Amino acid sequence: MEISFVSHGPGTGGRRQPFELVRILGTVVAEFVGSVAGRRRLRSALRTQRLRISRLQAMVREREQRVLERERTIVAREQTVIERERQIDALTAIVDGTVPPPCGGPEILRRLPEILRGVDGWCSEAKAAWLVSLILRESCRQIAEIGVFGGRSLLPMALAARSLGMASVLAVEPWDNEVAIRAPTGAQNDAWWARVDMPAVKSRFLRQLVNLGLADVVRLVEGCSAEALRLLGTAKEVGHGRFDLVHIDGSHAPGQALQDVLSWSRLVRPGGIVVLDDIAWDSVGAAVAWLRGHFLTVEEVREADGASYGAYRRPLRRILPAPTASQSNFRSDGPI
Ligand SMILES: C[S@@+](CC[C@H](N)C(=O)[O-])C[C@H]1O[C@@H](n2cnc3c(N)ncnc32)[C@H](O)[C@@H]1O
């Protein structure tokens with residue numbers, strides 16, 4: 001509190017009084033003449049000022065809170081605007097004829113090398129073809145992918161779903177270095193994820209999404225898997241079993257892969273499919289073991305260069321036993 005004493009004046013009866021006026025926050029609040037009454041007036045004035053200050057502080061805190069809330073609303077609205085702009089771009093591109101017309105399944109497979117050219121990520125052409133064929137064979141229209149990066153698996157999947165009509169593809173990706181290394185996966189791996197230029201990867205992905213005419217098919221959640229689950233609400237709210245296929249390719253850290261499998265498998269309809277990436281990784285072992293124990297293994301693939309992935313079908317009824325000890329001890333060099 002700023003208190004200043006001004007006008008150092010003479011006292012009564014020849015005695016010097018210390019101060020005549022006391023100024024608090026620029027306001028003269030008391031004449032301090034050294035008397036008991038003067039001191040009382042000063043104390044009371046100080047109390048009043050303290051009350052005023054704490055009331056002002058409470059008001060400031062309340063206003064800060066309101067400003068924060070407004071900022072949050074603005075950010076949410078900006079997201080909506082970005083989303084709408086993307087949709088407008090996509091529609092404009094279709095109207096302008098700069099987007100290739102939707103193509104059917106066989107054409108997607110034929111065009112895969114061209115579709116994947118310049119798309120960031122790890123999905124091989126063989127895996128993309130496998131995903132497209134799986135989606136077409138199983139008629140998967142409602143799809144989710146956890147871990148999109150540049151869209152190498154998402155874009156072919158979305159094209160396949162779109163070719164079936166009435167498709168909706170949920171894409172979950174934070175594009176955030178901090179999130180990518182939140183659950184450690186090894187020093188070398190984490191060093192790469194800490195540096196990769198996520199905004200550039202994201203903007204290339206969005207451009208490719210628009211160029212392929214997929215903006216009206218793909219719904220994007222820019223956040224981590226847990227945030228997307230929160231947005232979707234509980235399994236009960238979204239209706240137990242919402243997706244025909246979920247591709248889990250997010251964090252490969254031990255624990256997180258299992259967590260993703262446990263959470264997202266519940267959102268797959270009975271008879272629907274969970275695809276899990278890198279099933280040969282030790283850190284993904286527990287997730288693979290759970291799927292083998294609770295879902296029906298459709299197919300597990302290991303490519304010559306080491307890439308591995310599997311498809312697992314949710315049983316129509318809960319008929320499978322819990323995973324055995326050997327299943328949960330899945331090793332990367334074990335049989336697939
Ligand atoms: C292996 S990449 C995905 C590759 C992509 N599906 C492809 O085929 O090219 C893993 C992605 O998961 C994202 N990721 C990391 N942690 C995540 C989390 N908790 N939830 C969702 N995505 C996450 C990373 O940002 C990264 O882009």
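Reply: Buried residues make up 32% of the 336 residues in the chain, where buried means that 20 or more other C-beta atoms, placed from the backbone, lie within 10 Å of the residue's own. The model is predicted: local features need pLDDT of at least 70, side-chain atom pairs count only at pLDDT 80 or more, and totals for chains, interfaces and linings use all residues. Residues are numbered from 1 along each chain as its sequence is written.

The chain has twelve helices and ten strands; these are DSSP runs numbered from the N terminus, with helices being H or I of at least four residues and strands E of at least two. The buried ones are L154, L155, P156, M157, A158, L159, A160, A161 and R162. After α4 comes G165, with a positive phi near 85°.

The largest nonpolar core has 67 residues, and A158 and A161 are among those with the most contacts inside it, as are V169, V261, V274, L276 and A287. Of this core, α4 supplies the largest share, seven residues. A nonpolar core is a set of buried Ala, Val, Leu, Ile, Met, Phe, Trp, Tyr and Cys residues joined through C-beta atoms within 7 Å.

Leaving out residues up to four places away in sequence, A161 touches I135, C140, R141, I143, A167, V169 and V217. Contact means that two C-beta atoms, placed from the backbone, lie within 7 Å. Across the chain, 68% of the contacts with a separation of 6 or more are between residues 24 or more positions apart.

Notes
A residue is buried if 20 or more other C-beta atoms lie within 10 Å of its own, exposed if 12 or fewer, and partly exposed in between; C-beta atoms are placed from the backbone.
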